[in-house]
Amino acid sequence: MEPTALHLGLPRNERGDAARNRRRLLDVARQLVDELGVEKVTMDGLAERAGLGKGTVFRRFRTRAGIFHALMDEDEKAFQQSVLSGPPPLGPGADPIERLIAFGRARLDFLFDHIAIARASLDANQPIPAGAATISQFHIRMLLNQARVDIPDTDVLAIQLTAALEAPVLLYLHTATAADAAAARHQLADGWQRLVERLTTSKPLDTRLGVPVGRHGGPADPG
């Protein structure tokens, strides 16, 4: 069994009414994002739509950015769960290099899908959180070790590969238009696959075409 990188679920000491309010606020926040767009979601509007007092919203999130940070955190946990126990090649059961390629592609899709929420979650008074990048680094290092790659320091390589995934998207947080993001998503995903292939295999793994290929370019073992 793979180690769990996140503690999933509600905080242990959260009271029942607090948990219900939290769930209500997050559900309503998602509705407002879908209806109005991230830019028009406010703490007052969230309180009014949820039918809760403004004080409840402020105690829960503290700032407007806190609303989006909570949404990102919830989606990060769902993404992590798909990596830990979802179907292969993203989840367990596939060759580790195929999983590494699938992880990078899925991670980039996740990050680009969440650009607007990630941008809104940034607080000028707080540093950019590094938790999600740390989880990616942990998972990448685990897959490199499972694959027994011929590289002396997988810790350093995991840091560099994590940067290849997380850093380009951060560059888009303040600058990307929808068209920029759509083009960059595909370019970065293809670049990730080429990078992993060059580092770890002698021939490409054409996972995008749905062709089961072994780690060294030959047919995958059906068993």
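Reader: Okay, I'm new here: where is the place of Arg148?
Author: Bear in mind that this is a predicted model, where local features need pLDDT of at least 70, side-chain atom pairs count only at pLDDT 80 or more, and totals for chains, interfaces and linings use all residues. Residues are numbered from 1 along each chain as its sequence is written, and side-chain values use heavy atoms, leaving out hydrogens and water. As for Arg148, its place is in the loop between helix H7 (131–147) and helix H8 (154–172).

Reader: Is Arg148 buried or exposed?
Author: Buried means under 20% relative accessible area, exposed means over 50%, and partly exposed is in between (1.4 Å probe, protein chains only). Arg148 has a relative accessible area of 74%, so this residue is exposed.

Reader: What is the phi of Arg62, and where does Arg62 lie?
Author: Arg62 lies in the loop between helix H3 (54–61) and H4. This residue isn't a glycine, yet its phi is positive, near 70°.

Reader: What pattern does the protein follow along the sequence?
Author: Helices here are DSSP runs of H or I with at least four residues, strands are runs of E with at least two, and both are numbered from the N terminus. The protein has 9 helices and 0 strands. Read along the sequence, that gives the pattern α-α-α-α-α-α-α-α-α.

Reader: How do H4 and H5 run, roughly parallel or roughly antiparallel?
Author: H4 (residues 64–85) and H5 (residues 96–113) pack with their axes 12 Å apart, at an angle of about 160°. The axes are lines fitted to C-alpha atoms over the stretch in contact, with angles from 0 to 180 degrees between N-to-C directions. Under 35 degrees counts as roughly parallel, over 145 as roughly antiparallel, 65 to 115 as roughly perpendicular and the rest as oblique. H4 and H5 are therefore roughly antiparallel.

Reader: Which residues of H5 does H4 meet?
Author: Contact means heavy atoms within 4.5 Å. From H4 come Met72, Asp75, Glu76, Phe79 and Val83, and in H5 they meet Arg99, Phe103, Ala106, Arg107 and Phe110.

Reader: How do the residues of that contact divide?
Author: Ala, Val, Leu, Ile, Met, Phe, Trp, Tyr, Cys and Pro count as nonpolar, Asp, Glu, Lys and Arg as charged, and the others, Gly among them, as polar. For the contact of H4 with H5, that comes to 6 nonpolar, no polar and 4 charged.

Reader: Is Arg107 buried or exposed?
Author: Arg107 is found in helix H5. Because its relative accessibility is 1%, Arg107 counts as buried.

Reader: How many residues does the largest nonpolar core have?
Author: A nonpolar core is a set of buried Ala, Val, Leu, Ile, Met, Phe, Trp, Tyr and Cys residues joined through side-chain atoms within 4.5 Å. Leu46, Phe61, Phe68, Ile140, Leu144 and Trp192 have the most contacts inside the largest one, and its residue count is 49.
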